[in-house]
Amino acid sequence: MIVINLDVMMAKRKISLGELSERVGISLANLSILKNNHAKAIRFSTLDAICRALDCQPSDILEYLPDEDGKSQNP
Amino acid sequence: MKQKSLSSWLKIAIVMLAVFGLVIYGIVIPSYGLSLATSMPEFAYCFWPWMTLFLLTAVPCYVALVIGWLIAHSIGQNRSFTEINARRMKWISNLAFGDVILFFSGNVMLLFLNMNHPGVFLLSLLPDMVGVAVAVCSAALSHLIFKSAQLQEDTELTI
């Protein structure tokens, strides 16, 4: 499964969700969906904006974790 | 057509169908049956079994109208493509199938009890076919609504 480590990067950069949503241009609700791993997909443009706002690489935000039973647990 | 006006028109159509059904089941069929029983007293014993069959087949129709009202209401609230609407449409399909089975088996039973005529039995296959068509279309719509709900969820959760 793909895990979003947005909260980790936000903590490292000391930036709140509200401030990140303003910088990225995405609503707080959608960013919250992303942060809580409820998102089904992310656009490259969104990933680009988040990486620019947090000054990081996509691998800092996206992490692959193998599932125990071999089935995807992503929504 | 906007969603709210579509929802309103659907509700008006459902109310009209309900009223029309009340007239048919409450006035037309009983009065026609009574006139037949009066003009042909030898068949008067068939009145109540047939009346019971007709009234029993009306119940799934009205339950389907109530479910249709709920679907129309959710369309008005911009919640057209939801899993609950897909389930409601599946319910309508099942009710239609159940109604067809009820009416067909009732006709067969009355035929065996000498309260029916083969010609009437053959004619009764026509509403049965209409019921099957409604059931199949509702099942197809249920499937389409379910798939649309999934697509909408995917789109809404694409950040």
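**Exercise 1. How many residues of chain A are in contact with chain B, and how many of chain B with chain A?**

Solution. 
Step 1. Take the contacts in this predicted model. On one side stand 11 residues of chain A, and on the other 6 residues of chain B.
Step 2. Turn to area. The two chains bury about 740 Å² between them. Carbon and sulfur atoms carry 63% of it.
Step 3. Find the residues of chain A that lose the most area to chain B. They are A:Lys40, A:Ala41 and A:Arg43. Together they make up 60% of what that side buries.

**Exercise 2. Which residue of chain B forms a salt bridge with A:Lys40?**

Solution. 
Step 1. Start with the count: 2 salt bridges join chain A and chain B.
Step 2. Look at A:Lys40. Its partner is B:Asp154, and the closest N and O atoms are 3.6 Å apart.
Step 3. Check the cut-off. A salt bridge needs such atoms within 4 Å, so the pair qualifies.
Step 4. Ask where the chain A side comes from. Helix α3 (residues 28-35) of chain A gives the most, with 3 residues.
Step 5. Sort that side by class. It has 6 nonpolar, 3 polar and 2 charged residues.

**Exercise 3. Is B:Asn85 buried or exposed?**

Solution. 
Step 1. Locate the residue. B:Asn85 sits in helix α3 (residues 83-112) of chain B.
Step 2. Read its relative accessibility, which is 1%.
Step 3. Compare with the cut-off. Buried means under 20%, so B:Asn85 counts as buried.
Step 4. List what it touches, leaving out residues up to four places away in sequence. B:Asn85 is in contact with B:Ile71, B:Ser74, B:Arg79, B:Ser80 and B:Ile145.

**Exercise 4. How many residues has the largest nonpolar core, and which have the most contacts inside it?**

Solution. 
Step 1. Give the size: 21 residues.
Step 2. Name those with the most contacts inside the core. They are A:Leu6, A:Leu20, A:Leu31, A:Leu34, A:Ile50, A:Leu54 and A:Ile61.
Step 3. Trace the helices. In chain A, α1 (6-13), α2 (17-24), α3 and α4 (44-54) each supply at least two residues of this core. The largest share, 6 residues, comes from α4 of chain A.
Step 4. Zoom in on A:Ile50. Beyond its neighbours within four places in sequence, A:Ile50 is in contact with A:Leu6, A:Val24, A:Leu31, A:Leu34, A:Ile42 and A:Ile61.

Note on methods: Residues numbered from 1 in each chain as written. Chains lettered and ligands numbered in written order. Predicted model: local features only at pLDDT ≥ 70, side-chain atom pairs only at ≥ 80, totals over all residues. Heavy atoms only, no water. Contact = heavy atoms within 4.5 Å. Buried area = accessible area lost by both parts, 1.4 Å probe. Salt bridge = Lys/Arg side-chain N within 4 Å of Asp/Glu carboxyl O. Helix = DSSP H or I, 4+ residues; strand = E, 2+ residues; numbered from the N terminus. Nonpolar A, V, L, I, M, F, W, Y, C, P; charged D, E, K, R; others polar. Buried < 20%, exposed > 50% of the residue type's maximum accessible area, 1.4 Å probe, protein only. Core = buried A, V, L, I, M, F, W, Y, C linked by side-chain atoms within 4.5 Å.
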